[in-house]
Structures are given as C-alpha cells and as structure tokens.
Amino acid sequence: MECKVKWVGPDGMSFVAETESGHAFVMDGAPEGGGRNLGPRPMETVLAGTGGCTAYDVVLILRKSGQSNIGLRSPAHFERAETDPKVFTKIHMHFVVRGKDLKPSMVENAIKLSHNKYCSASIMLGKTAQISHDYEILPD
C-alpha cells in the first residue's frame with residue numbers, strides 16, 4: 001500500500017494526500033499552528049479512518065449474518081496525551097445501528113470482531129489508546 005503526501009506550500013501547512021486507490025484529499029493545520037483550516041488535521045484523518053474501518057467491518061459482518069436494511073453511524077470521542085508525541089490515549093466509539101429486527105447479540109458480536117480481529121486501524125491504535133465502545137439499536 002502506498003500514499004503520497006505533498007506539502008502545498010510555500011505558505012501555510014496544507015498537504016495533499018494521494019492514495020494508491022487513486023483518491024486525493026487535503027489536510028491542513030490549525031491557524032494557531034500556521035494552517036488555514038482548509039481540511040481536516042492529520043490526526044483527525046487517523047480517527048476518521050479508524051471509524052470508517054470499524055463501520056465497514058460492522059456493516060459487512062451484519063450483512064453476512066443475515067441482518068439486512070441496516071443503517072449505521074458511529075461518532076467517536078477521543079483524548080490525546082498532553083505532551084509530544086500527542087498520541088491517542090482514549091477512544092470511545094458509539095455505534096447507532098438502525099434496522100428491522102436487529103439482534104443485539106449480533107450487533108455486539110460484529111463490533112467486537114471488528115475491534116479485536118478485523119480492523120487494522122483500531123487494533124493498531126489499541127497499542128497506545130484505551131478503546132471502548134457502546135451501541136444503541138433504533139428500529140427501522
């Protein structure tokens with residue numbers, strides 16, 4: 001896997017990332033750090049990628065388990081170390097799953113499988129952060 005990151009420069013702190021799959025996105029720093037707020041912070045993209053990785057797994061596992069017509073959103077809250085390197089120290093993901101006749105045991109199992117076996121991002125971040133989750137099921 002490859003990702004190219006290019007500083008847009010010469011002013012500011014904007015970067016364009018180009019992924020191996022042919023997609024590009026802008027990251028930028030906060031104004032107090034020389035950025036212009038033109039895109040998410042790099043660490044925000046790490047958190048977003050982890051959320052996307054886990055959500056992908058959960059939807060896939062639920063579909064394979066015969067759960068259909070589902071919707072999912074997963075807000076995540078995090079804490080970082082106060083000193084450099086400011087790694088994530090706590091991440092909490094709250095899954096809101098919507099669907100008809102969803103079984104709580106299957107939802108819980110899908111989340112646990114993602115966090116413990118399939119989502120490379122959350123497993124990697126688990127080396128420095130305490131990762132927790134909860135969920136709620138809304139009827140369709």
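Biologist: Along the sequence, the chain follows the pattern β-β-β-α-β-β-β-α-α-β. How many helices and strands is that?
Modeller: Three helices and seven strands. Both are DSSP runs, numbered from the N terminus: helices are H or I with at least four residues, strands are E with at least two. This is a predicted model, where local features need pLDDT of at least 70, side-chain atom pairs count only at pLDDT 80 or more, and totals for chains, interfaces and linings use all residues. Residues are numbered from 1 along each chain as its sequence is written, and side-chain values use heavy atoms, with hydrogens and water left out.

Biologist: At what angle do helix 1 and helix 2 pack?
Modeller: Helix 1 (residues 42-64) and helix 2 (residues 104-118) pack at about 130 degrees, and their axes are 9 Å apart. Axes are lines fitted to C-alpha atoms, for helices over the stretch in contact; angles run from 0 to 180 degrees between N-to-C directions.

Biologist: Why is helix 1 called oblique to helix 2?
Modeller: Look at the cut-offs. Under 35 degrees is roughly parallel, over 145 roughly antiparallel, 65 to 115 roughly perpendicular, and the rest oblique. The angle is about 130 degrees, so helix 1 is oblique to helix 2.

Biologist: Which residues of helix 1 and helix 2 meet?
Modeller: C53, T54, D57, V58, I61 and L62 in helix 1 meet M106, V107, A110, I111, L113, S114, H115 and Y118 in helix 2. Contact means heavy atoms within 4.5 Å.

Biologist: What makes K117 exposed or buried?
Modeller: Buried means under 20% relative accessible area, exposed over 50%, and partly exposed in between, with a 1.4 Å probe and protein chains only. K117 has 55%, so K117 is exposed. K117 lies in helix 2. Beyond its neighbours within four places in sequence, K117 is in contact with K112 and I123.

Biologist: How much of the chain counts as buried?
Modeller: Of its 140 residues, 28%.

Biologist: How far apart are K117 and D57?
Modeller: They are 60 residues apart in sequence and 10.0 Å apart in space, C-alpha to C-alpha.

Biologist: How do you know that strand 1 and strand 2 pair?
Modeller: Count the bridges. Two strands pair if DSSP finds at least two bridges between them. Five bridges join strand 1 to strand 2 (residues 15-19), and these strands run antiparallel. C3 stands opposite T19 in strand 2.

Biologist: What is the order of the open sheet of three strands?
Modeller: The order is 1-2-3, with antiparallel pairing. Strand 1 (3-7) and strand 3 (24-27) are the edge strands, since each pairs on one side only.
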